[in-house]
Amino acid sequence: MTDRLLSGHASCPGCAVALAVRLVLQALPARTVLVVPPSCIALLMGPLPLASTTLPVFQTAFETTAAAAAGLARAYRARGEEATVVCLAGDGGTYDIGLQALSGAAERNEDFLYVCFDNEAYQNTGNQKSGATPWGARTTSTPAGKTTRKKDIVEILAAHQIPYAATASPAHPEDLAQKIARALTHRGTRFLLLTCPCVPGWGIPDDASLHTVRAAVEARVVPLYEVEDGTRYHITHWPAGIPVAEYLRTQARYAHLVDFEIEAIQAEVDRRWDALLDRVARSRRLAAEPRQPLVSAT
Ligand code: SF4
């Protein structure tokens, strides 16, 4: 396994994004080109002439990650060169600003792997809320707590019926490596959502990132699963089902919530988990009827 993230980068101490980027880069082939929009990852990659990775990086505009990746993948193919194109984006650049380009690329089944490092707000500009910020979380632009839900981005991508979509966590590195390996066996648009606690944004100690994301997984706030062709769901880690309060209460962004609000979040998490189990059960029935993909990779 080759370490492709170099020491001395600019992320905060204890940053889960930095660890997640390191794990993702280790799992990629040597002939990989990275596409990175503005984000904590862009800062991590290093401002010119500095660099924190040994892989080539194309830094693009916020809204154009998927369009740039599609163009690069097509250009390599036109030149007859083998290269894996991988987008490394934050949640703001994925759920909000880059969603139009990502949806268009997914509809065309463009050939790249898109990894979203979800720290649930625009953290590199000072913790403003994004479409990934959960209900109730305090950010600098929702000081009383967010009043709308987090978008379900995996379901949005699965609805495009792309070959592969999955969730992952930097606290489950073997599961993450297996998902990248599986994504690389497909051609076309592949999507990976990595939940990454942010030390200042979530209000946690700088040694608590992995403990926090583990609690998110075991509370079923962040279920670990994968979806093939938008229809075949598979849970890759069965959570213990700890109370959501155990996850929320360690984070300053949720410190203002009162008991009935936490109960409402628990009910929402339970509802989403039941919906996921329904999709898993439905996909077991579909497994008996294999089908040919309608849209081949562009
Ligand atoms: S602001 Fe948050 S996500 Fe960004 S580098 Fe710091 S800890 Fe990591």
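Start by selecting Ser-39, Cys-40, Gly-90, Asp-91 and Ala-121, which lie nearest the centre of the largest cavity, among 16 lining residues. A cavity here is a set of points, on a 1 Å grid over the protein atoms alone, where a 1.4 Å probe fits but cannot get out, and lining residues have an atom within 4 Å of a point. Helix 2 (40-45) and helix 4 (92-96) are the elements that each give two or more residues to this lining. The lining divides into 8 nonpolar, 7 polar and 1 charged. About 120 Å³ of space lies inside.

The model is predicted: local features need pLDDT of at least 70, side-chain atom pairs count only at pLDDT 80 or more, and totals for chains, interfaces and linings use all residues. Residues are numbered from 1 along each chain as its sequence is written, and side-chain values use heavy atoms, with hydrogens and water left out.

Then select Phe-112, Tyr-114, Val-154 and Phe-191, which touch the most other members of the largest nonpolar core, a set of 35 residues. Such a core joins buried Ala, Val, Leu, Ile, Met, Phe, Trp, Tyr and Cys residues through side-chain atoms within 4.5 Å; buried means under 20% relative accessible area (1.4 Å probe, protein chains only). Helix 3 (residues 65-78) gives the most to this core, 6 residues. Apart from it lies another core of 32 residues, including Ala-18, Met-45, Leu-113 and Leu-192.

Methods
Buried means under 20% relative accessible area, exposed over 50%, partly exposed in between (1.4 Å probe, protein chains only). Helices (H or I, at least four residues) and strands (E, at least two) are DSSP runs, numbered from the N terminus. On a 1 Å grid over the protein atoms alone, a cavity is a set of points where a 1.4 Å probe fits but cannot get out, and a pocket is an open set with protein on both sides within 12 Å along at least five of seven lines; lining residues have an atom within 4 Å of a point. Grid points are joined across faces, edges and corners, and a volume is the space filled by probe spheres set on the points. Ala, Val, Leu, Ile, Met, Phe, Trp, Tyr, Cys and Pro count as nonpolar, Asp, Glu, Lys and Arg as charged, and the others, Gly among them, as polar.
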